[in-house]
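Subject: Structure for you to look at

Hi,

Here is the structure I promised to pass on. Please open it and keep it in view while you read my notes below.

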Amino acid sequence: MEDVRLCARAGVALAAMLAVSVVSGSAYGAGAAPDVSGTYWATQYNAKLQIVGGGDLPLTANGKKAYDMNIAGLKDGSITDAARKFCVPDGLPRALATPYPFEIIQAPPGQITMVHELNHQIRVIAMDKPLPSEDELTTLPFYNGHSVGHFEGDTLLVETAGFNEKTFLDATGAPHTDELRTVERIRRISATELEDVITIHDPKYYTRDWQARFVYTLRDDVWLEGYVCGEPHRDLSSVVGVRRP
């Protein structure tokens, strides 16, 4: 019996070593990729996007018209926030403003996977590959778009396109079109902090490209929990800016 226990422990140890090997970069070839894996949790939440440099969203006339319509519709109930009512994905950059924890997994080989507790969203980032063709982006749009990435030094650069038009950029109803494209620069800014700076490009609704910045704390003491629309969820009292009942 003791031999069986020892074999079982050895098997667990081997599995752990293999997992560490993948996360540390062996999945990306001989050169180890920077380690951005872990469970992260924001310490602050803003329903309205905060633009790098300050100021209001640089909306075009059509963008302002769409934003005003979204604000009014969300207020009187004629427009539904499907991400909160039906648990569909938030889209970008709203998913990055989550007050719930999420996990970055540098696996399987050739892929980085982001798992969000909120709405159980899963983002797949194909590493060192080009974006799908324009035809595919147009005919198969996703809530969170199609993402590809590569490392530039210690920074994970993620380009995303091929969004559908069923999401808002933030919880206030900031609009976008199917021409939305984003570029994220994700990196560790300290041993316990992760930064994601996202650039928004949508010339139909915005007069220029603009950026939003999100910072998360590494929380490997936290496990992701189940999430179901309309049911009680985890305690968010540690996150500044979350509205309390």
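A pocket, as used here, is an open set of grid points with protein on both sides within 12 Å along at least five of seven lines. The largest pocket has a volume of about 710 Å³. Please note that this is a predicted model.

First, the overall picture. The protein has 245 residues, and 42% of them are buried. Its secondary structure consists of four helices and nine strands. Along the sequence they come in the order α-β-α-α-β-β-β-α-β-β-β-β-β. The accessible surface is about 12900 Å². Carbon and sulfur atoms hold 57% of that surface.

How confident is the prediction? The average pLDDT is 89, and 87% of the residues score at least 70. Residues 1–30 have a pLDDT below 50. Beyond near neighbours in sequence, that stretch has 21 contacts in the model.

Back to the largest pocket. Its lining counts 26 residues. Nearest its centre lie Tyr45, Arg84, Pro99, Val242 and Arg243. Sorted by class, the lining has eleven nonpolar, six polar and nine charged residues.

Next, the second largest pocket. Its space comes to about 330 Å³. It is lined by 18 residues, and the closest to its centre are Gln44, Asn46, Arg213, Phe214 and Val215. Which strand gives the largest share of this lining? It is strand 9, residues 210–218, with five residues. By class, the lining of the second largest pocket splits into nine nonpolar, six polar and three charged residues.

Is Arg213 buried, partly exposed or exposed? Its relative accessibility is 46%, so Arg213 counts as partly exposed. Leaving out residues up to four places away in sequence, Arg213 touches Gln50, Val52, Ile189, Glu195, Asp196 and Val197. Pro93 is 120 residues from Arg213 in sequence, yet their C-alpha atoms are 9.8 Å apart in space.

The structure holds one cavity of 30 Å³ or more. The largest cavity has a volume of about 40 Å³. Which residues line the largest cavity? They are Leu96, Phe102, Ile104, Met114, Ile186, Leu194, Asp196 and Tyr216. Strand 2 (102–105) and strand 8 (193–201) each give at least two residues to this lining. Seven of the lining residues are nonpolar, none is polar and one is charged. Look at Asp196 again: it lines the largest cavity, and Arg213 touches it.

Last, a look at a helix. Thr139 belongs to helix 4, residues 134–139. Is Thr139 buried or exposed? Its relative accessible area is 64%, so Thr139 is exposed. The cut-off for that class is over 50%. Thr139 and Asn164 lie 25 residues apart in sequence, and 9.8 Å apart in space from C-alpha to C-alpha.

Then go to Asp196, which Arg213 touches.

Best wishes

Conventions
Residues are numbered from 1 along each chain as its sequence is written. This is a predicted model: local features need pLDDT of at least 70, side-chain atom pairs count only at pLDDT 80 or more; totals for chains, interfaces and linings use all residues. Side-chain values use heavy atoms; hydrogens and water are left out. On a 1 Å grid over the protein atoms alone, a cavity is a set of points where a 1.4 Å probe fits but cannot get out, and a pocket is an open set with protein on both sides within 12 Å along at least five of seven lines; lining residues have an atom within 4 Å of a point. Grid points are joined across faces, edges and corners, and a volume is the space filled by probe spheres set on the points. Ala, Val, Leu, Ile, Met, Phe, Trp, Tyr, Cys and Pro count as nonpolar, Asp, Glu, Lys and Arg as charged, and the others, Gly among them, as polar. pLDDT is the predictor's confidence in each residue, from 0 to 100. Contact means heavy atoms within 4.5 Å. Buried means under 20% relative accessible area, exposed over 50%, partly exposed in between (1.4 Å probe, protein chains only). Accessible areas come from the Shrake-Rupley method with a 1.4 Å probe; for residues, only the protein chains shown count as cover.
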